[in-house]
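Hi everyone, thanks for making time for this. I'll walk you through one structure, so please have a look at the screen.

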Amino acid sequence: MSYTSEELDAMADRGEMKPAPGTAVYRDPGAPALTDKDLMNIFAGRPREEEQHPVNVELRVKVTPAMKDALKRIAREENLHNSSALVRSVLSDFVRNRAKKACKAF
């Protein structure tokens, strides 16, 4: 069954929206609504289902245990789903800024 955004909003206001079994909620129930930037950070680097894209490539990175803990903590603070979402967001910003610098050089 599909719902309109208005129906989903009303269901959320009534407290009828529950997390799917096996998933985790990282926000307090009283937390402010997610902003567009929050949502973009959560889904950064993930292709839209309706678009035809090649399969994402997995990039494995080794980090120290302390860095892994820091990534997890920062991801939670940034309301990101996990540390992979944080790494995608940071890499995306870095590549975008690097590309801008390269264009200015010409």
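Before I name any helix, a word on what I mean: helices here are DSSP runs of H or I with at least four residues, numbered from the N terminus. One of them is α2, covering residues 36-43, and that's where you'll find Leu 39. Keep in mind that this is a predicted model.

Okay, the overall layout. The protein chain has four helices and zero strands. Going along from the N terminus, the elements read α-α-α-α.

So how much of the protein chain counts as buried? Out of 106 residues, it's 10%.

Now for the inside. The largest nonpolar core has five residues: Leu 71, Ala 75, Leu 80, Ala 85 and Leu 86. Two elements, α3 (65-77) and α4 (83-104), each give two or more residues to this core. As a bit of background, nonpolar side chains in soluble globular proteins tend to be buried together.

Let's go back to Leu 39. Buried means under 20% relative accessible area, and exposed means over 50%. Leu 39 is at 35% relative accessibility, so it counts as partly exposed. Leu 39 and Leu 80 sit 41 residues apart in sequence, and their C-alpha atoms are 8.5 Å apart in space. Leu 80, remember, is one of the core residues.

Last stop, the surface. Which residues form a negative surface patch? Those are Glu 6, Glu 7, Asp 9 and Asp 13. Take Glu 6, which is in helix α1, residues 5-13. Glu 6 counts as exposed because its relative accessibility is 57%, and the cut-off for exposed is over 50%.

How values were computed. Residues are numbered from 1 along each chain as its sequence is written. This is a predicted model: local features need pLDDT of at least 70, side-chain atom pairs count only at pLDDT 80 or more; totals for chains, interfaces and linings use all residues. Side-chain values use heavy atoms; hydrogens and water are left out. Patches are made of residues with over 30% relative accessible area and no salt bridge: like charges are joined within 9 Å, nonpolar side chains (Val, Leu, Ile, Met, Phe, Trp, Tyr) within 5 Å. Accessible areas come from the Shrake-Rupley method with a 1.4 Å probe; for residues, only the protein chains shown count as cover. A salt bridge is a side-chain nitrogen of Lys or Arg within 4 Å of a carboxyl oxygen of Asp or Glu. Lys and Arg count as positive and Asp and Glu as negative; His and the chain ends are not counted. The place of a charge is taken as NZ of Lys, CZ of Arg, CG of Asp or CD of Glu. Buried means under 20% relative accessible area, exposed over 50%, partly exposed in between (1.4 Å probe, protein chains only). A nonpolar core is a set of buried Ala, Val, Leu, Ile, Met, Phe, Trp, Tyr and Cys residues joined through side-chain atoms within 4.5 Å.
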